[in-house]
Amino acid sequence: MPTKREIEIRTADGVCKAGLFGPAKAKAGVILYMDAFGPRPALDEMAERLGSQGYAVLVPDLFYRAGAYGPFDAKTAFVEEKTRTELRAPIGGTTQEMTARDTGSFIEALVKAGATGPIGTVGYCMGGSRALNAAAAHPDRIAAAASFHGGNLASDAPGSPHRSAAKIKARVYVGSAGVDGSFPPEQSAILAESLRTAGVDHILENYVGMGHGWCVSDHGVYDAAGAERHWKRLTALFEETLA
């Protein structure tokens with residue numbers, strides 16, 4: 001069984017704590033970009049599952065610059081005013097550019113752990129856009145990038161992933177929630193056009209009936225059947241690109 005190892009990663013801006021999962025001899029590396037609620041048991045379970053398939057899986061704390069925070073309850077954190085306010089600071093203070101730069105250090109950590117082959121990325125919620133931007137920032141190392149219920153993938157923001165589509169060499173998979181205000185149909189259309197124009201091998205799939213957060217077990221809209229469908233897609237993507 002894969003076991004969690006707590007590690008510290010030196011970045012340009014400080015020290016990022018991370019969980020490292022998987023066997024001692026991994027066939028490839030995966031970076032799992034967290035949702036807005038930070039590293040916690042639900043994400044550990046997901047990393048364990050990927051690690052059991054032979055990957056070295058890294059779950060970095062993207063909010064490490066913010067100091068101590070949380071823990072947050074994914075079911076209520078955006079409902080209660082106090083925790084909603086607390087969350088805004090690290091989310092707003094952790095830019096896309098910061099995470100893309102950090103990813104170089106994350107890749108080095110995976111190499112140090114023995115994963116010297118191709119790298120896959122997967123992100124949930126706010127991590128979805130970061131998984132795609134990581135592929136654009138490190139095209140020669142990242143062979144697959146997946147986003148599930150990622151928000152603002154084709155927005156007006158400077159760090160919107162659709163703007164960097166031409167830099168991506170990885171195969172891309174985007175799974176969107178059926179109704180998601182953070183990634184409406186018009187953004188989906190823009191992202192699809194951007195990826196196709198750039199010649200990126202990609203799939204955009206709409207999970208009808210699923211809510212934003214359906215893949216993560218401690219989320220209020222978690223859907224077991226929808227989560228298993230996501231696992232099938234993610235497993236296939238990594239098997240076909242990271243072997």
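Which residue lies over the face of Tyr 207, and at what distance from the ring centre?

1. The residue is Arg 229, at 4.0 Å from the ring centre of Tyr 207. The structure discussed here is a predicted model. A second contact of this kind involves lysine: the charged end of Lys 27 sits over the ring of Tyr 55, and the distance to the ring centre is 4.8 Å.

2. Aromatic pairs number 7 in the structure. One of them joins Tyr 55 to Phe 238: the ring centres are 5.9 Å apart and the planes stand at 70 degrees, which is over the 60 degrees required, so the pair is edge-to-face. Tyr 55 belongs to strand 4 (residues 55–60) and Phe 238 to helix 6 (residues 224–241), so that this pair links distant parts of the chain, 183 residues apart. Both Tyr 55 and Phe 238 are buried. Tyr 55 therefore has the ring of Phe 238 as a pairing partner and also the charged end of Lys 27 over its ring.

3. The pair of Phe 148 and Tyr 173 has another geometry. The centres of these rings are 5.4 Å apart, and with the planes at 40 degrees the pair is tilted. Phe 148 is in strand 6 (residues 142–148) and Tyr 173 in strand 7 (residues 171–177), so the contact ties together parts 25 residues apart in sequence. Phe 148 has 0% relative accessibility and counts as buried; Tyr 173, at 4%, counts as buried because the cut-off is under 20%. Elsewhere, Phe 63, Tyr 69 and Phe 72 are linked into a cluster by ring pairs.

4. Helix 4 (residues 126–137) passes a simple length check. Its 12 residues, at 1.5 Å a residue, should span 16 Å, and the end C-alpha atoms are 17 Å apart, which agrees.

5. Is helix 4 largely enclosed or largely open? Of its 12 residues, 11 are buried, so the helix is largely enclosed by the rest of the structure. The buried residues include Met 126, Arg 130, Leu 132 and Asn 133, together with glycines such as Gly 127 and Gly 128 and alanines such as Ala 131 and Ala 134. Among the elements that cover them are strand 3 (28–33), helix 2 (81–92), helix 3 (96–112) and strand 5 (119–124), as well as strand 6 and strand 7.

6. Strand 5 is mostly covered, with 6 of its 6 residues buried. In a regular strand the side chains alternate between the two faces of the sheet. In strand 5, Ile 119, Thr 121 and Gly 123 point one way, while Gly 120, Val 122 and Tyr 124 point the other way; all are buried.

7. Strand 5 has parallel partners in strand 3 and strand 6. Strand 3 is joined to strand 5 by 5 bridges, and Tyr 33 stands opposite Gly 123. Strand 6 pairs with strand 5 over 6 bridges in the parallel sense, with Ile 119 opposite Ile 142. Between strand 5 and strand 6 the chain crosses through helix 4, and this β-α-β crossover is right-handed.

8. A further right-handed β-α-β unit is made by strand 7, helix 5 (residues 185–197) and strand 8. Strand 7 and strand 8 (residues 202–207) are parallel and pair over 6 bridges. In this pairing, Val 172 has His 202 in strand 8 as its bridge partner.

Conventions: Residues are numbered from 1 along each chain as its sequence is written. This is a predicted model: local features need pLDDT of at least 70, side-chain atom pairs count only at pLDDT 80 or more; totals for chains, interfaces and linings use all residues. Side-chain values use heavy atoms; hydrogens and water are left out. Rings of Phe, Tyr and Trp (its six-membered ring) pair if their centres lie within 6.5 Å; planes under 30 degrees apart count as stacked, over 60 as edge-to-face and the rest as tilted. Helices (H or I, at least four residues) and strands (E, at least two) are DSSP runs, numbered from the N terminus. Buried means under 20% relative accessible area, exposed over 50%, partly exposed in between (1.4 Å probe, protein chains only). A charge sits over a ring if NZ of Lys or CZ of Arg is within 6 Å of the ring centre and within 35 degrees of the ring normal. The expected span of a helix is 1.5 Å times one less than its number of residues. Contact means heavy atoms within 4.5 Å. Two strands pair if DSSP finds at least two bridges between them. A crossover is right-handed if, with the strands pointing away from the viewer, the path from the first strand over the helix to the second runs clockwise.
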